[in-house]
Amino acid sequence: QLQLVESGGGLVQPGGSLRLSCAASGFTLDHYAIGWFRQGPGKEREGVSCISYSGGSTKYADSVKGRFTISRDNAKNTVYLQMNSLNPEDTAVYYCAATESYYSGSIYWGEDEYDYWGQGTQVTVSS
């Protein structure tokens, strides 16, 4: 069974950092592009960042650019989202998603481009 599991969420003070992990089971992520999405309270789900299966191409939402970094370790079958300088507007449930990709540098931004989703991990930024 193909499954994605997010971890690393929690409560953090403004200005703090968290690192989210997205681990795959039942398949290897080698040829899957990954996206991170989030849904804040009362908001629609939005794209945060995405990475190609090679790791060579990335994209970030303007709201997180310069603060968040996406990376992947295919040997560990895991993708990470390092989040620094967190602020209350970053409070949301964070989801990772995977889609099989035939081109090493392709990245995908739209939710409908992803086939597999994790259950989400809560990130709360509050003093």
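User: Is Glu111 buried, partly exposed or exposed?

Analyst: This is a predicted model. The relative accessible area of Glu111 is 31%. Buried requires under 20% and exposed over 50%, so Glu111 counts as partly exposed.

User: Which side chain meets Glu111 in a salt bridge, and how many residues apart in sequence are the parts that the pair ties together?

Analyst: The side chain of Glu111 meets that of Arg45, at 3.1 Å from N to O. Glu111 lies in the loop between β9 and β10, and Arg45 in the loop between β4 and β5, so the parts tied together are separated in sequence by 66 residues.

User: Which residues are linked with Arg38 in a network of salt bridges?

Analyst: Arg38 and Asp90 form a salt bridge at 2.9 Å, N to O. Arg38 sits in strand β4 and Asp90 in the loop between β8 and β9, 52 residues apart. Both are buried. The network links Arg38 with Glu46, Arg67 and Asp90.

User: Are Asp62 and Lys65 buried or exposed?

Analyst: Their side chains meet in a salt bridge of 3.1 Å, N to O. Asp62 and Lys65 are each exposed.

User: Which residues form the uncovered face of strand β11?

Analyst: In a regular strand, side chains alternate between the two faces of the sheet. In β11, Thr121, Val123 and Val125 make up the covered face. The uncovered face consists of Gln122 and Thr124.

User: Which residue of β11 is the bridge partner of Leu11?

Analyst: Strand β2 runs parallel to β11, joined by 3 bridges. Within β11, Leu11 has as its bridge partner Thr124.

Key:
Residues numbered from 1 in each chain as written. Predicted model: local features only at pLDDT ≥ 70, side-chain atom pairs only at ≥ 80, totals over all residues. Heavy atoms only, no water. Buried < 20%, exposed > 50% of the residue type's maximum accessible area, 1.4 Å probe, protein only. Helix = DSSP H or I, 4+ residues; strand = E, 2+ residues; numbered from the N terminus. Pairing = 2+ DSSP bridges. Salt bridge = Lys/Arg side-chain N within 4 Å of Asp/Glu carboxyl O.
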